[in-house]
Amino acid sequence: LAVAGRMKENERAVEVLWKEANRRDEDRFVEKEWQQLKLVSLFAGSEGMELEAGEVHQRKMDEAALHTISGSETFENNVTKVLERFDFTGFKREVSPFDQGEGGELLKIDIAFEKEQVA
């Protein structure tokens, strides 16, 4: 629902699932699951919903969001070199779509052309 942009129209179901996830003991989740919960929270916010988490759950989600998902750096470096070779300028690497870095490392855009607002 989050990725498809259909959270708002399924708001009641999302809230039930969110409450269930937040009711569970923090030890039942691994870092990838905390990252997924953080993504759900961010997507909900983008659709005008507010999903509240307990203090411990919120902290765990925020901590997980700060970690980079590794593995694509070599590819990104190669793309950057090709763009520069063809005289593309004005792009930035690892750009947050949020004003205050709310998504941490989790939602950073690999390569973005700032002026054209293309990622």
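Modeller: Start with Lys8. Lys8 is partly exposed, at 39% relative accessible area. Here buried means under 20% relative accessible area, exposed means over 50%, and partly exposed lies in between (1.4 Å probe, protein chains only). This is a predicted model: local features need pLDDT of at least 70, side-chain atom pairs count only at pLDDT 80 or more, and totals for chains, interfaces and linings use all residues. Residues are numbered from 1 along each chain as its sequence is written, and side-chain values use heavy atoms, with hydrogens and water left out.

Which residue does Lys8 pair with in a salt bridge? The partner is Glu11, with the closest N and O atoms 3.3 Å apart. A salt bridge is a side-chain nitrogen of Lys or Arg within 4 Å of a carboxyl oxygen of Asp or Glu. Glu11 is partly exposed too, at 25%. The whole structure holds seven salt bridges.

Next come Arg12 and Glu15. Their side chains meet in a salt bridge, 4.0 Å from N to O. Both residues sit in helix α1, three residues apart, about one turn of the helix. Helices (H or I, at least four residues) and strands (E, at least two) are DSSP runs, numbered from the N terminus. An α-helix has 3.6 residues a turn, so residues three or four places apart point the same way. Arg12 is exposed, at 57%. Glu15 is partly exposed, at 24%.

Now a longer reach. Glu26 forms a salt bridge with Lys60, the closest N and O atoms being 3.8 Å apart. This pair links distant parts of the chain: Glu26 is in the loop between α1 and α2, Lys60 is in helix α3, and they are 34 residues apart. Glu26 is partly exposed, at 26%. Lys60 is partly exposed, at 24%. Elsewhere, salt bridges with shared partners join Glu20, Arg23 and Arg24 into one network.

His57, in helix α3, is in contact with Ala21, Asn22, Arg24, Glu26, Phe29 and Trp34, leaving aside neighbours within four places in sequence. Contact means heavy atoms within 4.5 Å. His57 is buried, at 8%.

Which residues of α3 are buried? They are His57, Met61, Ala64 and Ala65. They lie on the same side of α3, because they cover an arc of only 100° around its axis. The arc is that of the directions from the helix axis to the C-beta atoms. Their cover includes α1 and α2.

Behind this lies the largest nonpolar core, with 12 residues, among them Met7, Trp18, Ala21, Leu51 and Met61. Helices α1 (11–23), α2 (31–46) and α3 (55–65) each supply at least two of its residues. A nonpolar core is a set of buried Ala, Val, Leu, Ile, Met, Phe, Trp, Tyr and Cys residues joined through side-chain atoms within 4.5 Å. Leu51 touches Met7, Val14, Glu15, Trp18, Val40 and Ala44, not counting residues up to four places away in sequence. That brings us back to Glu15, the salt-bridge partner of Arg12.

Last, confidence. pLDDT is the predictor's confidence in each residue, from 0 to 100. The protein chain averages 79, and 77% of the residues score at least 70. Helix α1 is highest, at a mean of 93, and strand β2 (residues 109–113) is lowest, at 72.
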